[in-house]
Amino acid sequence: MSGVFIGAFFGTVFVVANAHDPLNPAIGIALRVLAVLTFAGLLTLALLAGRRGGPAPDDVEAPQADWFRGKFAFVVGAEAVLLIGGNLALRAAGAPEQTAVAWIALIVGLHFVALMAVWKRRSIAVPGATLTALGATGLGMAATSAVAWVPFVSGVLSGVALLGGCAYAITHTYRSTARP
């Protein structure tokens, strides 16, 4: 579940860091509170699933001991280089500051797509494709008069996508631990 916790944490960070102007301040606060409460709820549900124990059904994909080595390390290393290098290049090119969150969403989404192939887990394809699309959309918006909305589109909506994907995974795990 460590990957799910990481995804839920960063989904929360995406929302908390980006739910600001041009959003109405009350909506921004509501989104931040909802993201934190969602994270807390997912953490609680995951802990409850862990306490329940029990066998998981055959359709639940078994964890792999070496998930965080080898190809994973390469993907994460490439992600770090692209995040830093891309943001430096965007700044050097004079791109608006809002492009930072769009670039982050794009690269994080692509990292999920790459990990889907490494881990052979189709379940991360949806958040990966969603973040990739939201990041690319934000980069495109940065060149328009809608640039102020890039943090909402590429940040808040990416956070919602990550939290939603994690909610799906944790709920599936919780249900699989139910005893007949």
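Mentor: Start with one residue, and bear in mind that this is a predicted model. Buried means under 20% relative accessible area. Serine 158 has a relative accessible area of 0%, so serine 158 is buried.

Trainee: Where does serine 158 lie?

Mentor: Serine 158 is part of helix H6, which covers residues 150-176.

Trainee: Which residues does serine 158 touch, not counting residues up to four places away in sequence?

Mentor: Contact is read from heavy atoms within 4.5 Å. On that basis serine 158 touches Phe14, Ala105, Leu131, Leu134 and Val153. Phenylalanine 14 is 144 residues apart from serine 158 along the chain, yet their C-alpha atoms are separated by 6.8 Å.

Trainee: How do I read the packing of H5 and H6, roughly parallel or roughly antiparallel?

Mentor: Look at the angle between the axes; over 145 degrees counts as roughly antiparallel. The axes of H5 (residues 125-141) and H6 cross at roughly 175° and come within 8 Å. H5 and H6 are therefore roughly antiparallel to each other. On the H5 side the contact includes Leu131, Leu134 and Gly138, and on the H6 side Val150, Val153 and Ser158 are among the residues involved. By class, this contact of H5 with H6 has 8 nonpolar and 6 polar residues, with no charged ones.

Trainee: What is the crossing of H3 and H4 like, left-handed or right-handed?

Mentor: The crossing of H3 and H4 is right-handed. The axes of H3 (residues 71-92) and H4 (residues 99-119) come within 10 Å and cross at roughly 160°, and these two helices are therefore roughly antiparallel as well. Among the residues that meet are Phe72, Leu82 and Arg91 from H3, and Trp103, His111 and Leu115 from H4. The contact of H3 with H4 has 14 nonpolar, 4 polar and 3 charged residues.

Trainee: Which members of the largest nonpolar core touch the most other members?

Mentor: A nonpolar core joins buried residues through side-chain atoms within 4.5 Å. The largest one has 20 residues, and Phe14, Phe112, Leu115, Leu131 and Val150 touch the most other members. H3, H4, H5 and H6 each supply at least two of its residues; H4 gives the largest share, 7 residues. There is also a second, separate core of 9 residues, including Val4, Ala8, Leu42 and Ala46.

Trainee: What is valine 150 in contact with, leaving aside its neighbours within four places in sequence?

Mentor: Valine 150 is in contact with Gln98, Val101, Ala102, Gly138, Met141, Ala142 and Gly155.

Conventions. Residues are numbered from 1 along each chain as its sequence is written. This is a predicted model: local features need pLDDT of at least 70, side-chain atom pairs count only at pLDDT 80 or more; totals for chains, interfaces and linings use all residues. Side-chain values use heavy atoms; hydrogens and water are left out. Helices (H or I, at least four residues) and strands (E, at least two) are DSSP runs, numbered from the N terminus. Buried means under 20% relative accessible area, exposed over 50%, partly exposed in between (1.4 Å probe, protein chains only). Axes are lines fitted to C-alpha atoms, for helices over the stretch in contact, and angles run from 0 to 180 degrees between N-to-C directions. Angles under 35 degrees count as roughly parallel, over 145 as roughly antiparallel, 65 to 115 as roughly perpendicular and the rest as oblique. A crossing is left-handed if the near helix is turned anticlockwise from the far one by less than a right angle, and right-handed if clockwise. Ala, Val, Leu, Ile, Met, Phe, Trp, Tyr, Cys and Pro count as nonpolar, Asp, Glu, Lys and Arg as charged, and the others, Gly among them, as polar.
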